[in-house]
Amino acid sequence: MMLRTILGGLLGGFAMFIIGFLFWGTPLSALALSRADPQASANLQAAMAQALARNGTGVYVIPDPATAQGTILYGKGPVAMLFYNNAGFPVMDGSSLIGGLLLALATGVLIALALRFVTGDFNSRARVSILFALATVLWLHIGQAVFNHAPWGYSLYLALSDLVALSVAGLIAAKLMEGRAAKPNASDSTLH
């Protein structure tokens, strides 16, 4: 039955990858992302290169509230949490797509392996899959909007994309594992 578990995980992971592409690799992603006009975008890129290149790739809280002046500026706004990368790369970077596929497959297998601990039928595994997916996105994505004042539109879209992807991966794995529960033998009088 381990083969069915691994196969379910791989198929679920592939489904996660496709769902991620649909949410983030198509024009649907415009629902989550804000756009700056071309000149403002060029100005921001030049300012980042000037101000952050020395410190390098990282996540920056701007202004930095670690100082008294930064705390005052943070309170006045505007503020940002910036994921900054010194290097440029293609918009549709092939290496990130390959890495993303491998990550999705590994995640799908981990979901399937976790579902092996849920003894029962498809419905039990499906409920566990969906509830854990919901708990995960609430804490990881909605938590960013709550704790870090991240934009709600982006956080909700990210949460929805991952809820759908994780749930589908779990449902696929659960379906392929459906026959895994041991059937009691009619001659056995005691079930363990």
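These are my notebook entries on a predicted model of one protein chain.

Before starting, I noted that residues are numbered from 1 along each chain as its sequence is written, and that side-chain values use heavy atoms, with hydrogens and water left out. Because the model is predicted, local features need pLDDT of at least 70 and side-chain atom pairs count only at pLDDT 80 or more, while totals for chains, interfaces and linings use all residues.

**Fold.** I looked up the secondary structure and found 6 helices and 2 strands, taken as DSSP runs numbered from the N terminus (helices are H or I, at least four residues; strands are E, at least two). Along the sequence I read the pattern α-α-β-α-β-α-α-α. The radius of gyration, taken over C-alpha atoms, is 22 Å, well over the 16 Å that the globule rule (2.2 Å times the number of residues to the power 0.38) gives for 192 residues, so the chain is more spread out than a compact globule.

**Extent and contacts.** I noted that the C-alpha trace spans about 75 × 35 × 30 Å along its principal axes. Among contacts (heavy atoms within 4.5 Å) between residues at least 6 apart in sequence, 72% join residues at least 24 apart.

**Burial.** I then checked burial (buried is under 20% relative accessible area, exposed over 50%, partly exposed in between, with a 1.4 Å probe and protein chains only), and buried residues make up 26% of the 192 residues.

**L103.** I located L103 in helix 4, which covers residues 94–115, and found L103 exposed, with a relative accessible area of 57%. The C-alpha atoms of L103 and N85 are separated by 21 Å, the two residues being 18 apart along the chain.
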